[in-house]
Amino acid sequence: MEYLLDPFLNNAFMTRALLAGVLVSIACAVVGTFVVLRGLAFIGDALAHGVLPGIAAAILLGLPGMLGAAVGAIVMIGGVSLVTRRSRLSSDTAIGMLFVAMLALGVVMISASDAFQGDLLAILFGQILGTSWGQVTIMAAATVLVIIVSVLAARPFLLLSFDPEQADVAGFPSRRYHVLMLLLVALTVVVAFQTVGTLLVFGMLLAPAAAGALLAHRIGSMMVIAAVIGSASTYLGLLISYWFDYAAGATIVLVAVTAFFVVLALSNVRDAGRHVATTDASGETLS
Amino acid sequence: MTARLSAATASAGVSDVLDTTDSVISARGLAVGYGGEVVVRDIDLDVHPGGSLALVGTNGSGKSTLIKTLVGLLPPTAGSVEVLGRAPGGAPSRIAYHSQFHASGYILPIRVVDVVRMARYPALGLVGRMSARDHELVEEGMARMGISHLARSPMRSLSGGQLQRVYLAQVLAREADLIVVDEPTAGIDAGGRELYLDAFAAELQRGSAIVTATHDIAEAVEYDQVLLLARRVVALGSGREVLTPDQLMETFGIVIQDPHEEHAGRFTVAEVAHGGPQTIDTRCCDDEDEVDAADTPSA
């Protein structure tokens, strides 16, 4: 038992890490649900990486990393909106180009200054064990904000996920709520990069929500399942990294992704069983 | 077949006088299109409360483009159009719109009742609570499409025909003054089609106007007005006036008429890429611009 609890009870940095991870898991569950349902994974990925040059610039200027990340995210949203509207290429190509450019720019900026070579790893893979109480507070505030906005915009978000045209005809302009949704993704990425890093935040955004999608019949329960899986992955990941001395952020994401594949395998087995049952009962094969 | 979708009171066709006082749709010289390209021009329309209009044409004829213009999804390219006394899109709680299949219906983890409840969102706004009347409309919509027993079922467990019933129940639950539906019977089963015809007839009785895009000539003949489209207005008038072999020929390119039957509904219309019983192959009317390409769902 002491193996499961002591690391968190005896080390303040582990307590803060767990708190931060759970808060990020909740925000990622809410936002990730919409990312999964609306097929925004690629845009989410681009946002997660687009913040890198912002963080680099902030560190160069001696400003908080989160501030730089926020600016980077807003630039990225503007860029994504612009290329998807103006580009003659498919939006995937345009977004891909944009995010590679931002990622490369970030790495170039970091490499130009010898002072923080070590920070690159921290930015990409997170520094959850170095989370301060101040950062935990910011994460809590951001998580609450994400939840409040999602509750207020639940109807347009649902319509948007169902059919953007229906949202427009119902008087909820799809473009406006699409941007609001991207802003929530950006906010989540900005506060989450501290814990699991910009490279891995995407895993936390996607894996628990995708597992939730396989299990849930309602959007609300999908979010709850995703939050539980995310939080459990955080706990388990921290525990494993503590006892085996693995990188904490990466371990958390690995646990979350493993959880997704376990759920996927189980639901395939379940569906296969159900399919056999239906076929037997009706006497004919369903297409 | 009795003409259920025709208003009890004879509806006016296009009047020469612009009369918007009692008009659900009033269009003069309307041109519709995408991104600057005009698909159909010179459309004059009047639809009154309790009136019904069928848009008939092939894929790419401009049916869906006109429909999207009427509900405010596309700006008119030229001319004037008023819907419920405003610019299209100006009265969201009074319009119900359904466009063919939503692919998302298969992946969203929501239940049937959640989809039908969406019908009440324009009236409720962002945070308004569902009233007893709202719940009643939702229940009625499902009952009228015969899906009350599926209310708690997840959408992704439904068949294509059941999904179509859910979408039509959503249309009914809005209690709209104008119902605009694109291929409402695509993929629906025979029982669902009967329920739909009865329910929409009742909507007309209630005073709602209906605009439908359809491939189905037998259904179109039941409407007060039929607009034949082939990237231009071929004809507009009552079904018996406009659904003639010549004009169907102009609209579809090929028509096979049963020589022993005078009814317009007996014309067989040939059409590419439509899986229904009216299918005979022709390639004349297809053009590269597949604006209506999604007309037929690949259920």
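## A buried leucine in chain B

With 25 C-beta neighbours inside 10 Å, B:Leu53 counts as buried; that word applies when 20 or more other C-beta atoms lie within 10 Å of a residue's own, while 12 or fewer makes a residue exposed and anything in between partly exposed, with C-beta atoms placed from the backbone. You'll find B:Leu53 in strand β3 (residues 52-56) of chain B. Helices and strands here are DSSP runs numbered from the N terminus: helices are H or I with at least four residues, strands are E with at least two.

Leaving out residues up to four places away in sequence, B:Leu53 touches B:Val47, B:Val211, B:Tyr223, B:Asp224, B:Gln225 and B:Leu227. Two residues are in contact if their C-beta atoms, placed from the backbone, lie within 7 Å. B:Phe252 sits 199 residues along the chain from B:Leu53, and the C-alpha atoms of the two are separated by 19 Å.

## What you're looking at

This is a predicted model, so to speak of a local feature takes a pLDDT of at least 70, and side-chain atom pairs count only at pLDDT 80 or more, while totals for chains, interfaces and linings use all residues. Residues are numbered from 1 along each chain as its sequence is written, and chains are lettered from A and ligands numbered from 1 in the order in which they are written.

As for pLDDT, that's the predictor's confidence in each residue, from 0 to 100. Chain A averages 86, and 93% of its residues score at least 70. Confidence in chain A is lowest in helix α7 (residues 117-125), at a mean of 75, and highest in helix α12 (residues 219-244), at 95. Over residues 280-287 of chain A the pLDDT is below 50, and this stretch has three contacts in the model beyond near neighbours in sequence.

## More of chain B

Chain B has nine helices and eleven strands. Of its 299 residues, 51% count as buried. Take the contacts in chain B with a separation of 6 or more: residues 24 or more positions apart account for 68% of them.

B:Thr212 is found in strand β7 (residues 209-214) of chain B, and it's buried, with 26 other C-beta atoms within 10 Å. Not counting residues up to four places away in sequence, B:Thr212 touches B:Ala54, B:Leu55, B:Val181 and B:Pro184. The C-alpha atoms of B:Thr212 and B:Val180 are separated by 5.9 Å, with the two residues 32 apart along the chain.

## Two positive phi angles

B:Glu183 isn't a glycine, yet it has a positive phi of about 50°. It belongs to the loop between β6 (178-182) and α6 (190-206) of chain B, and B:Glu183 counts as buried, with 26 C-beta neighbours inside 10 Å.

B:Arg231 is another non-glycine with a positive phi, this one about 55°. Its loop runs between β8 (225-229) and β9 (233-237) of chain B. With 20 C-beta neighbours inside 10 Å, B:Arg231 counts as buried.

## Helices side by side in chain A

Over in chain A, the axes of helix α2 (residues 12-37) and α8(A) come within 9 Å and cross at roughly 20°. That makes α2(A) roughly parallel to α8(A). Axes are lines fitted to C-alpha atoms, for helices over the stretch in contact, and angles run from 0 to 180 degrees between N-to-C directions. Angles under 35 degrees count as roughly parallel, over 145 as roughly antiparallel, 65 to 115 as roughly perpendicular and the rest as oblique. The crossing of α2(A) and α8(A) is left-handed, a term for when the near helix is turned anticlockwise from the far one by less than a right angle (clockwise would be right-handed).

Helix α8 (residues 133-152) also pairs with helix α11 (residues 174-215) of chain A: their axes come within 10 Å and cross at roughly 160°. α8(A) and α11(A) are therefore roughly antiparallel to each other. Among the residues making this contact are A:Ile138, A:Ala142 and A:Val149 of α8(A) and A:Leu184, A:Leu187 and A:Val191 of α11(A). By class, the contact has nine nonpolar, four polar and no charged residues. Ala, Val, Leu, Ile, Met, Phe, Trp, Tyr, Cys and Pro count as nonpolar, Asp, Glu, Lys and Arg as charged, and the others, Gly among them, as polar.

## Where the chains meet

In all, 20 residues of chain B are in contact with 21 residues of chain A. On the chain B side, β5 (95-99) and α3 (121-124) are the elements that give two or more residues. The largest share, three residues, comes from β5(B). By class, this side of chain B has 15 nonpolar, four polar and one charged residues.
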